[in-house]
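Morning, everyone. Please have a look at the model on the screen while I talk you through it.

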Amino acid sequence: MKNTKNTIRKLCSHEQLEKFLGKIIIWNLSFMDKPITGKLIEVNTDYFLIEMRDGRTLVASINSIIGFGMAKKQPAGAV
């Protein structure tokens, strides 16, 4: 059986996440009960910064990512 944690880490390296800067992403994070939606505004080797719809920001460790997917509808400025 594959080690899914290592697979996610490969997909969620800061280099990979940089491709999604400025995009609206649905995030499934280990410390949240439900997925959240927010725009990726900064990525570092250890953490990333998400801007929520209401303007609040959330900083989380890259290791906390369980999964993510890009939202279908992107604002004109996010493309």
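Now the ground rules. This is a predicted model, where local features need pLDDT of at least 70, side-chain atom pairs count only at pLDDT 80 or more, and totals for chains, interfaces and linings use all residues. Residues are numbered from 1 along each chain as its sequence is written, and side-chain values use heavy atoms, with hydrogens and water left out.

Start with the overall layout. The chain has two helices and five strands. Along the sequence, the pattern reads α-α-β-β-β-β-β.

Next, the sheet. In which order do the five strands line up? The order is β4-β3-β2-β1-β5, in an open sheet with antiparallel pairing. Two strands pair if DSSP finds at least two bridges between them. The edges are β4 (57-61) and β5 (65-70), each pairing on one side only. Strands of a sheet pair through backbone hydrogen bonds.

Zoom in on β3, residues 47-52. Five bridges join β3 to β4, antiparallel. F48 stands opposite A60 in β4.

Now S64, which sits in the loop between β4 and β5. Is S64 buried or exposed? S64 is buried, because its relative accessible area is 6%; buried means under 20%, exposed over 50%, partly exposed in between (1.4 Å probe, protein chains only). What does S64 touch, leaving out residues up to four places away in sequence? The answer is N28, L29, S30, F31 and F48, where contact means heavy atoms within 4.5 Å.

Last, the whole chain. Of its 79 residues, 30% count as buried.

Note on methods: Helix = DSSP H or I, 4+ residues; strand = E, 2+ residues; numbered from the N terminus.
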